[in-house]
Amino acid sequence: MSDNPMLSLRLSVSMLAAISRIAYYRVVPFCGHLPGIREWRFGSDRKVLEQIRGLERKPVMASDLSALYGMLARKAEPELHATEKSFSTVEPEMRFLPPGSFADREEFLARHRFKWLIEMTESPAVGYRLIEDWLNLEASHCDWLPEDAYSQSERIVNWLWFIGLTGTHDRPGETFFRKLAGSFTRQIYLLLDNLEYHSSLTNNHILNNARCIYCSGALLKMNEISEIGRGMLKSQYDRMISNGVVQEDSSHYQMLITSWMLEALAAAHISGDVRMKDFLSPRIGRAMQVCRALCSEYREAFPLIGDISPDIRPEIFSGLPFCGRGQTFWQQFAERAAADGQALIRNDFTAQVDGNSWLKLCGHCVELWVCAKVRGTQSHGHNDNGSLTVFHKGCPVVLDPGLSRYNKDRSSVRQLGSEGHNTPLLNGIPADPDRRTMLFSGLLHSRFEPLKNDGRELVFLLHYSDGMHSLERSIEIPGHAGLKVVDRIRPGQGGKRCLEKVKYHCTWCLAGEILKIQPGGGKVIVELKNGIRLILSCERSDLQCRPGTMPSSTCYGNMTAVASVEVDCLLREQTGITVEMRFPDE
């Protein structure tokens with residue numbers, strides 16, 4: 001396998017871990033409800049299992065749902081209403097069709113999760129009609145309605161908030177609320193019997209389950225159920241969210257999961273749950289600070305790093321977290337849920353030392369975000385440790401390609417892997433094993449080590465997972481408003497000297513069409529049609545640059561080809577490659 005015995009051992013252990021993970025997800029669906037297996041899956045949350053077993057299964061009351069109607073509604077500013085309506089893409093004649101009618105199962109599931117209802121709070125009649133259509137399918141015992149725990153969690157809580165936010169319009173009849181109460185009763189208890197605990201492999205889905213159980217109990221006055229949800233949130237929150245950073249390696253999921261927790265905090269405020277407010281308020285404040293730091297200071301936009309959720313369009317979260325572009329839904333939550341409004345808008349954003357995160361550097365209209373991982377690639381992350389995303393005046397310049405679909409096609413493999421990010425391959429080896437390979441297990445991974453961050457210059461070491469080499473990357477925003485990136489090779493974590501020459505290969509995905517690539521004078525100049533120039537140079541080595549294209553996505557299911565530049569050279573330990581970016585207004 002390798003001449004290095006330690007590396008061979010690490011590779012073998014990583015492959016065994018990957019095989020075990022695959023076996024687990026194949027076996028558990030068939031035996032997950034056996035008594036011993038179920039206790040094991042709940043891990044340290046076995047108290048939750050005991051509470052569920054002892055729960056008196058009372059029905060949801062139609063009167064409680066009816067009382068919830070309009071609880072959060074208020075008269076919003078007219079211009080906010082107009083903006084919200086103008087970019088809503090929910091189809092008024094949308095129907096619930098079998099999964100075979102969709103090219104992608106995730107799009108089928110997203111339709112049945114009802115997250116899109118937040119775009120319909122100002123035209124609720126259509127929303128209520130679609131909820132009733134779904135209830136009619138349920139009553140007819142339709143066998144293709146998605147009943148997985150994640151979809152149920154989304155559906156239940158999205159219905160609850162929609163009912164609470166639409167009280168300024170014609171009220172649905174009592175027949176609707178009785179039918180809805182029957183559905184809630186069935187779905188809530190089915191969810192409690194199928195919570196997504198997977199012992200050490202438990203992921204963000206359990207936070208979604210917990211948020212749904214807590215919000216349902218708190219808003220529908222079902223105290224035993226809210227107590228279960230409260231315990232789940234307290235147990236799982238800090239495992240999934242480290243100092244405000246959602247451990248999913250995705251900026252879109254950072255926004256989405258923060259919004260889940262903001263909903264739980266809103267439910268705590270509405271129900272007067274002081275214990276939950278005291279637990280969530282400081283944590284939500286930190287999470288919102290991270291969301292704010294991911295947003296551009298020049299424009300209502302944020303970089304799409306990692307996976308993109310199929311459930312909600314990224315632009316919904318644009319602007320000061322969840323209250324930009326007419327998002328009255330999130331404005332109301334922020335107003336009611338923030339214990340201290342100022343805590344939600346501070347721009348505190350520093351390096352994590354105990355989890356995965358991003359570092360931000362900005363100045364002279366340039367903003368960049370660096371992926372900084374010490375735990376390896378997580379559920380929705382890509383092979384992008386140490387990779388940069390760059391904005392100029394709020395507009396993308398250097399892109400992360402995102403992810404168009406969860407399908408295993410060639411385009412998604414390129415978007416996920418090292419090929420789609422500007423962390424270089426050294427001797428053909430990426431920083432981490434790509435996510436869809438047998439070596440991807442979480443045990444064999446690179447490690448980000450920050451060395452300097454003074455607000456104008458950021459320097460870090462990226463220790464590659466094979467232990468053979470490390471990358472020293474220096475990023476500087478000089479006074480003339482450009483950007484300078486210098487890569488150098490350093491010995492790996494094993495402390496051995498580098499090979500005499502290392503093959504360096506790096507791909508830069510660009511938001512702009514390449515006009516020309518001009519070599520000469522020891523440099524290569526890449527000119528884009530938007531006026532941006534990349535100037536590349538390498539010490540004591542020939543440099544080769546060639547144009548290419550990369551699939552890129554701005555929302556789930558959307559894919560376009562963007563320009564890319566592939567850079568190749570030979571580096572020695574003391575040499576470096578420099579990439580300078582010059583912008584039109586310099």
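Buried means under 20% relative accessible area, exposed means over 50%, and partly exposed lies in between (1.4 Å probe, protein chains only). This is a predicted model: local features need pLDDT of at least 70, side-chain atom pairs count only at pLDDT 80 or more, and totals for chains, interfaces and linings use all residues. Residues are numbered from 1 along each chain as its sequence is written, and side-chain values use heavy atoms, with hydrogens and water left out.

**View 1. A buried salt bridge joins Glu154 and Arg211.** Both residues are buried. Their closest N and O atoms are 2.7 Å apart; a salt bridge here is a side-chain nitrogen of Lys or Arg within 4 Å of a carboxyl oxygen of Asp or Glu. The pair links distant parts of the chain, 57 residues apart: Glu154 sits in helix α8 (residues 149-164), Arg211 in helix α10 (residues 205-219). Helices (H or I, at least four residues) and strands (E, at least two) are DSSP runs, numbered from the N terminus. Glu154 and Arg211 also belong to a network of salt bridges with Lys115 and Glu263.

**View 2. Two further salt bridges, Glu367 with Lys360 and Asp454 with Lys452.** The closest N and O atoms of Glu367 and Lys360 are 3.8 Å apart. Glu367 and Lys360 are buried. Asp454 and Lys452 meet at 3.8 Å, N to O. Lys452 counts as partly exposed because its relative accessibility is 37%. The model has 35 salt bridges by this rule.

**View 3. Leu65 in the largest nonpolar core.** A nonpolar core is a set of buried Ala, Val, Leu, Ile, Met, Phe, Trp, Tyr and Cys residues joined through side-chain atoms within 4.5 Å. Leu65 touches Val60, Leu160, Ile163, Phe177, Leu180, Ala181, Phe184 and Leu220 (heavy atoms within 4.5 Å), not counting residues up to four places away in sequence. Apart from this core lies another, of 47 residues, including Ala372, Tyr504, Trp508 and Cys545.

**View 4. Strand β17 pairs with β12 and β16.** Strand β17 (residues 560-571) is mostly covered, with 9 of its 12 residues buried. Strands pair if DSSP finds at least two bridges between them. Strand β12 (residues 502-510) runs antiparallel to β17, joined by 9 bridges. Here Cys506 has Val567 of β17 as its bridge partner. Strand β16 (residues 543-552) pairs with β17 over 10 bridges, also antiparallel. Pro551 stands opposite Ala561 in β17.
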